[in-house]
Amino acid sequence: MNTALLMLELQNDYFPNGRIPLDKSLEACAKAENVLYTCRDRKLPVIHIQHISTHPDATYFLPCTKGADFYQTVQPTKNETIIKKHYPNSFKDTSLLNHLTKHKINHLVICGMMTQSSIDATVRAAYDLGFKCTVLHDACASRQLEFNHTAISAQNVHYAFLAALQPAYAKVMSSDDYLQKAGIRIEEVA
């Protein structure tokens, strides 16, 4: 199985002092960073997905702003792929599918932001396109939502969306479990 690491929207606006800071974004990013460096050491392909807002009412990830830049600890290297997107689904109107097909990648290890939006939309699209997905739950972050005047905590949002993804759409596991298995033989994780 050919595996790639998909780093979704690890961008400044989701971190403290950003325009829409997520709950536990720093903790999730630290876990994603550990996975990123392991994948780099193992020479696995790494794909960074960058959201650039084009909607006229957008308030974050605005073009040419510091908030749209990748977070300092997970900056892409020159040999890593960057794909810009404008929708929650990382495949919609992007070159992601062509890139994965060209490189014969059929398994995606996914971490990043936001669990209830880009993670969910991308995993479901990937599944529909025939990819196997592994989502690293502690390397993802969410935020509080509201429905019918009822606040839903970020943790509950995060857990609910992850629970809905497994087992049909993705294998959901911790980054530590993934790294432990990766230390033996990374292809065995899938």
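Two rings of Phe, Tyr or Trp count as a pair if their centres lie within 6.5 Å. The model used in these exercises is predicted.

**Exercise 1. Classify two ring pairs.**
Task: State how many aromatic pairs the structure holds, and decide whether F15 with Y71 is stacked or edge-to-face.

Solution. 
- Step 1. The count of aromatic pairs in the structure is 6.
- Step 2. A pair of aromatic rings is described by the distance of the centres and the angle of the planes.
- Step 3. Between F15 and Y71 the centres are 3.8 Å apart and the planes meet at 15°. Planes under 30 degrees apart count as stacked, so F15 and Y71 form a stacked pair.
- Step 4. F15 belongs to the loop between β1 (3-8) and α1 (25-41), and Y71 to the loop between β2 (46-51) and β3 (81-85). The two residues are 56 residues apart, and their pair links distant parts of the chain.
- Step 5. F15 has a relative accessible area of 1% and is buried; Y71, with 14%, is buried.

**Exercise 2. Describe the surroundings of Y169.**
Task: Find what kind of pair Y127 and Y169 make, and which charged end sits over the ring of Y169.

Solution. 
- Step 1. The ring centres of Y127 and Y169 are 4.9 Å apart, with the planes at 70°. An angle over 60 degrees counts as edge-to-face, so this pair is edge-to-face.
- Step 2. Y127 is part of helix α3 (residues 115-128), while Y169 is in the loop between α4 (154-165) and β8 (171-173). The pair therefore ties together parts 42 residues apart in sequence.
- Step 3. Y127 is partly exposed at 38% relative accessible area, and Y169 is partly exposed at 24%.
- Step 4. The charged end of R124 sits over the ring of Y169, at 4.5 Å from its centre.

Key
Residues numbered from 1 in each chain as written. Predicted model: local features only at pLDDT ≥ 70, side-chain atom pairs only at ≥ 80, totals over all residues. Heavy atoms only, no water. Helix = DSSP H or I, 4+ residues; strand = E, 2+ residues; numbered from the N terminus. Buried < 20%, exposed > 50% of the residue type's maximum accessible area, 1.4 Å probe, protein only. Lys NZ or Arg CZ within 6 Å of the ring centre and 35° of its normal.
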